Amino acid sequence: MSEITGQDPNPLVGILMGSKSDWPDTMRHVSDTLKDFGVPHDCRVLSAHRTPEAAQKFASEAAGRGVEVMICGAGGAAHLAGAVAAHTALPVLGVPITSKLNGLDSLLSTVQMPAGIPVGTLAIGRAGAVNAALLAIQILGLSRPELRKKMQQFREAQSEKILEASRPWDE
Ligand code: RP5
């Protein structure tokens, strides 16, 4: 299993995952995407159930550390994003991890928040992890023109790749 990376002392994005097992297939893609955009982030393994006090502390101290967006990934009875959202007014994005029930349990546990405490829930697995990072960058980009520019370049490169794939048939 690859080492968990991304422990910047001055993070703009705080990343929590319920278990080390969430890293290699899923949460690694959050960190990799943020790295591609040069966004400092702090990745930790903390669980809503196994380490509730530590997860609460991280959530309630995040804004004071300069964090502007939280991303939480958990699988199964995935309560981490909701538990974090209960302890911070920062925007919280949830990534449902693929599980023994193919992630449907994780998705429903993350998305079905009661009115009043929102969690922005992304897709199950890698797509959700990449998109959570991209959405966090878009949120940060509201006050950072350089990130908006990088996002525009990313989208242009992405479109070009798709068009490139269909070029042999166009000719
Ligand atoms: C959740 O339980 C974690 O987020 C993980 O997806 C799942 C299984 O954890 P491990 O048993 O692999 O540590 O809390």
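Confidence in this predicted model, expressed as pLDDT (the predictor's confidence in each residue, from 0 to 100), is lowest within the protein chain in helix H6, residues 145-170, at a mean of 92, and highest in strand S4, residues 92-97, at 99; helices (H or I, at least four residues) and strands (E, at least two) are DSSP runs numbered from the N terminus. Over the protein chain the average pLDDT is 96, and 98% of the residues score at least 70. Residues are numbered from 1 along each chain as its sequence is written. Because the model is predicted, local features need pLDDT of at least 70 and side-chain atom pairs count only at pLDDT 80 or more, whereas totals for chains, interfaces and linings use all residues, and side-chain values use heavy atoms, with hydrogens and water left out.

The ligand is surrounded by Gly18, Ser19, Ser21, Asp22, Arg50, Ala74 and Gly75, each with a heavy atom within 4 Å of it.
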